[in-house]
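Colleague: I have this model open and would like a close look at a single part of it. Could you walk me through the sheet with parallel pairing and the elements around it?

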Amino acid sequence: MSSVRRVSHEFLKRQGLTTVFGNPGSNELPFLAGLPAGFRYVLGLHEGAVVGMADGYAQATGRPVLVNLHAASGSGNAMGALTNAVSARTPLVIVAGQQVRPAVGPEANLANVDAPALMKPLVGWAAEPACAEDVPRALAQAVFETRLQRRPTYLSVPYDDWAAEAGDNTLAVLDRRVERGAEPSAGQGRRLAELVASARRPALVLGGDIDAAGLFDGAVRLAERLGGPVWAAPSQFRLPFPNRHPLFRGVLPAGIAPVCAALEGHDLVLVLGAPVFRYHEYLPGRYLPEGTRLIQVTEDAAAAARAPMGEALVADPGAVIELLTERLGAPTAPVGPYRPVPEPAAGEAGRLHPEQVFAALRDEQPEDTAYVVESTSTSAAWWRQMDLRRPGSYYFPAAGGLGFGLPGAVGVALAQPDRPVVGVIGDGSANYGITALWTAAQHRVPLTVVLLRNGTYGALRWFGDLLGVPDAPGLDIPGLDFTRIAEGYGVAARQAGDAEELRALLAERPDGPRLIQVDTVLTTPS
């Protein structure tokens, strides 16, 4: 008879979850024993970096990935990074080691008492099997739940369970298949098409799910048939539309009143693949202009249920895009050329303006480069200079939690070794996931990290002005040299002294990871 471990490994193999991101503790060793041929273990030096790398990897592949964490302390360390994965609806299957069953009740060291409760505020499903024989079935549920919900799941397993014998019925889990189809009914599709076709001034708002689901090009076709303006939803973590397309108006502001102002004059707003809406700054006002109708299409039933206004259709946005594109027919007029890129602003006092850095990236990196961005104070400069026309070109921490950028870039590069990947990281955020550099060095990941150093938490300074708090302490971070830090982790590093040197460095094509540090002037997110 097979052990629980062998059945579980075989199930994971059949489901394609053979890349494991982890940071092992004592409770995890029995699960990791005897990993079959074909499995790959990617070690991270901190649980936050582990989840960040897995997040980037799963987003780039579009498939669930396995994360192996320690019990209470290890899982707790990962929760900050997990907030980004939850907001991005990233399919992570987290398996955590628990103390042996007799030791949980007495709260022995390294026991996680009521383990599912620790993670339930975040994950879509969390459990600890009632007995060892139920572990393979519970593991299967964790995998299927993450596929169905597009949200991380969490399974705590006492480590003595892995060596237990699996019952005969346990093998039934190996051949299971769970799928989901969510096309709108004929009536729903007809009504939606009529509403869209009859709108005088329709507008599209696209969410990160559009890019995550491979609908980037389909969204362009729909927008060009519709002929109206296109926005990315507030607090965007993926780019769902070419940012210099003549119909694109940028990312909607993350406040109630400014969203209402942006949508003024539109009788219909069609929101595809996004929650309605993920506001940030509290700027109260009307949700929508007078006379504006909003229709949301999303696979995320929870997002549909919690929206404070509008109609919602829980369905596959891809099916809706296909339906509407067919019903609307050919574009009524050509859309015109893509918008040109303006000249970048200049820096001062020996520091580059971030626009100069982004212009260099745009000119020197291949057009299919994937960018993982965690430099929040430079977002306005970023969108002013970049020209992104390919799917999967942009990743950002979905919940705003710092520490995604460096690990996420490593994960994306591991997932797509044949595509250029650049991490654009601020010096404030870099410290939250700095250990990911070690993993990049160990795996010889072909990754370029452009480290923007302005010596302060720039986004916080901007927010301090918004909140009327200009004198908050702890906003400056002088004395950090990331070239020396990177070299200590085994990553080649250089300081770019001016725009010409930066462009020369970016034109190089190394076969492993590298970090380029650039001193920049302080800018604001908008």
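What follows is a walk through that sheet, the helices beside it and a few residues elsewhere.

Modeller: Happy to! Please keep in mind that this is a predicted model. The part you ask about is an open sheet of six strands, paired in parallel and ordered β9-β8-β7-β10-β11-β12. Its edges are formed by β9 and β12, since each of these pairs on one side only. On average, neighbouring strands in the sheet are turned by 20° against each other, direction ignored. Helix α10 packs on the sheet and touches β7, β8 and β10, and its direction makes about 165° with that of β7.

L204 has V230 of β8 as its bridge partner.

Now turn to helix α8, residues 186–198. The buried residues of α8 are G189, L192, A193, L195 and V196. Because these residues cover an arc of only 160° around the axis, they sit on the same side of α8. On the face turned away from that buried side you will find the exposed residues A186, A197 and S198. What do the buried residues of α8 pack against? Their partners are the strands β10 (268–272), β11 (293–298) and β12 (311–314), together with the helices α10 (216–226) and α13 (317–328).

The loops that join the strands deserve a look too. In the loop between β10 and β11 you will find F277. A cis peptide bond joins V276 and F277, with omega about -25°. Another loop, between β8 (230–232) and β9 (248–251), holds S235. This serine has a positive phi, near 55°, in a residue other than glycine. S235 counts as partly exposed because its relative accessibility is 29%.

R444 lies in the loop between α18 (436–442) and β16 (447–453). R444 also has a positive phi, about 50°, although it is not a glycine. With a relative accessible area of 46%, R444 is partly exposed.

Then there are two glutamines. Q385 is part of helix α15, residues 379–385, and is buried, with a relative accessible area of 0%. Its side chain makes a polar contact of 2.8 Å with the side chain of R362. A polar atom of the Q385 side chain also lies 3.2 Å from the backbone oxygen of P342. Beyond residues up to four places away in sequence, Q385 touches several others, among them R244, V341, E343, E355 and F358.

Q517 belongs to strand β18, residues 514–519. This glutamine is buried at 1% relative accessible area. A polar atom of its side chain lies 2.8 Å from the backbone nitrogen of F482. Leaving aside neighbours within four places in sequence, the contacts of Q517 include L451, R453, L480, D481, R494 and A496.

Terms used. Residues numbered from 1 in each chain as written. Predicted model: local features only at pLDDT ≥ 70, side-chain atom pairs only at ≥ 80, totals over all residues. Heavy atoms only, no water. Helix = DSSP H or I, 4+ residues; strand = E, 2+ residues; numbered from the N terminus. Buried < 20%, exposed > 50% of the residue type's maximum accessible area, 1.4 Å probe, protein only. Polar contact = N/O pair within 3.5 Å; in protein donor to acceptor, adjacent residues only side chain to side chain. Contact = heavy atoms within 4.5 Å. Arc of directions from axis to C-beta. Pairing = 2+ DSSP bridges. Axes fitted to C-alpha atoms, helices over the stretch in contact; angles between N-to-C directions.
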